[in-house]
Amino acid sequence: MKAMIVRECGSLENLKLETIADPIAADDGVVVDIHSCAVNFADSLMVEGTYQIKPPLPFSPGLEVAGTISEVGKDVTDWQVGDRVQALSNWGGFAEKVAVPAHVLFAIPDHMPYDDAAAFVITYSTSHVALDYRAQLKKDEWLVVNGAGGGVGLTAVEIGKLLGAKVIATAGCDEKLAVAKNKGADFTINYNREDIREKIKEYTGGKGANVVFDPVGGDVFRQSLRAIAPEGRMIIIGFASGDIPQVLTNHLLVKNIDVIGFYWGTYKTYKRHIMENSVAQLFEWYKEGKISPHINAVFPLEKTAEAIYTLKNRKSVGKVIVKI
Ligand SMILES: NC(=O)c1ccc[n+]([C@@H]2O[C@H](COP(=O)([O-])OP(=O)(O)OC[C@H]3O[C@@H](n4cnc5c(N)ncnc54)[C@H](OP(=O)(O)O)[C@@H]3O)[C@@H](O)[C@H]2O)c1
């Protein structure tokens with residue numbers, strides 16, 4: 001099969017198209033013929049060798065795919081050849097096939113296109129579990145979503161609206177903010193030319209944000225932390241800016257603020273029902289037309305490095321897909 005392979009960690013130039021042996025299903029696993037693989041921020045970190053998961057070399061990145069099952073291991077009883085699935089592959093997704101354990105599969109709705117299915121689970125479920133379960137976002141609360149034009153940011157805007165919040169989207173360019181507005185954001189802030197703290201205070205009538213969803217870190221995090229209402233919650237999703245902010249605990253004390261860590265991958269094993277219930281709910285909302293992934297660009301397999309660069313260089317809005 002064809003696969004984009006990294007033989008040495010480093011720049012994205014190290015990602016090369018190769019022909020390698022087809023994978024074989026383990027007894028408790030399946031082989032998925034991949035139709036689409038989503039690009040995630042983690043792909044670029046994995047190629048660099050700086051991500052928390054370090055696959056053994058050589059490897060193909062690509063951690064969420066959609067396709068059809070082409071082979072089933074002898075101990076697998078609940079999946080069949082031909083089933084349409086989404087798989088959390090961890091890596092190996094920028095390839096024609098991937099072997100995965102059966103427990104990382106989700107059945108996808110009948111009419112859901114493979115591009116939508118590949119773009120769906122990680123971003124939507126990250127936003128959903130973070131806002132609903134960890135931050136306990138309530139109807140009519142003020143939610144600020146930072147990096148609202150990015151993968152998890154844009155889904156957080158949609159989920160925030162579905163949970164009944166009033167949403168303020170922040171981003172570094174007007175094109176991304178226009179898409180966030182289309183997805184339901186009530187107000188927008190361009191943090192390259194507007195003061196986040198001042199604008200949040202203005203939009204909330206001086207109250208401040210009840211919840212801040214932050215995948216960006218750095219100054220965007222620091223400024224929005226200063227615009228949180230008493231008993232507000234700051235939920236830490238990631239550090240796309242590359243700047244991991246430090247928090248002064250006396251500021252939390254005087255304003256009764258919670259700073260909440262969140263890593264969605266934890267729920268693949270720990271309290272797994274939280275992830276399963278979230279994905280089931282999200283597929284229902286998709287079928288009802290309440291949410292739909294915003295796919296910004298689709299690249300062929302041999303242009304995977306370009307696809308990852310698009311994300312890394314802040315050129316993408318929503319999701320980028322590699323079509324196999
Ligand atoms: N905690 C979890 O479970 C979880 C799950 C998924 C993702 N994440 C993390 O969340 C973060 C965002 O992921 P994503 O998939 O949404 O990525 P993305 O689509 O690239 O979005 C990131 C956004 O961050 C903003 N940004 C600000 N400074 C940036 C910089 N120096 N470089 C790149 N982007 C910058 C960009 O918006 P502007 O250009 O508008 O500033 C961009 O749209 C990553 O750190 C990722 O690892 C965490």
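## Around the ligand

Helices α3 (151-162) and α9 (304-312) each supply at least two residues of the shell around the ligand. Helices here are DSSP runs of H or I with at least four residues, and strands are E runs of at least two, numbered from the N terminus. This is a predicted model: local features need pLDDT of at least 70, side-chain atom pairs count only at pLDDT 80 or more, and totals for chains, interfaces and linings use all residues. Residues are numbered from 1 along each chain as its sequence is written, and side-chain values use heavy atoms, with hydrogens and water left out.

The shell has 13 nonpolar, 6 polar and 3 charged residues. Gly counts as polar; Trp and Tyr count as nonpolar. Of the 22 residues around the ligand (a heavy atom within 4 Å), Gly151, Gly172, Tyr191, Trp264 and Arg314 come nearest.

## Polar contacts

Polar contacts are pairs of N or O atoms within 3.5 Å. A backbone N or O atom of Gly151 lies 2.8 Å from a ligand oxygen. For a polar backbone atom of Val152, the distance to a ligand oxygen is 2.9 Å. The side chain of Tyr191 places an N or O atom 2.6 Å from an oxygen of the ligand. Alone, the ligand exposes 900 Å², and the protein buries 88% of that. Areas come from the Shrake-Rupley method with a 1.4 Å probe.

## Helix α5

Helix α5 spans residues 196-203. Its buried residues (under 20% relative accessible area) are Ile196, Lys199, Ile200 and Tyr203. They fall within an arc of 100° seen down the axis, so they line one face of the helix. The arc uses directions from the helix axis to the C-beta atoms.

Asp195 caps the N-terminal end of α5, with a side-chain oxygen 3.0 Å from the backbone nitrogen of Arg197. Just after α5, Gly205 takes a positive phi of about 65°.

Methods:
Buried < 20%, exposed > 50% of the residue type's maximum accessible area, 1.4 Å probe, protein only. Polar contact = N/O pair within 3.5 Å; in protein donor to acceptor, adjacent residues only side chain to side chain.
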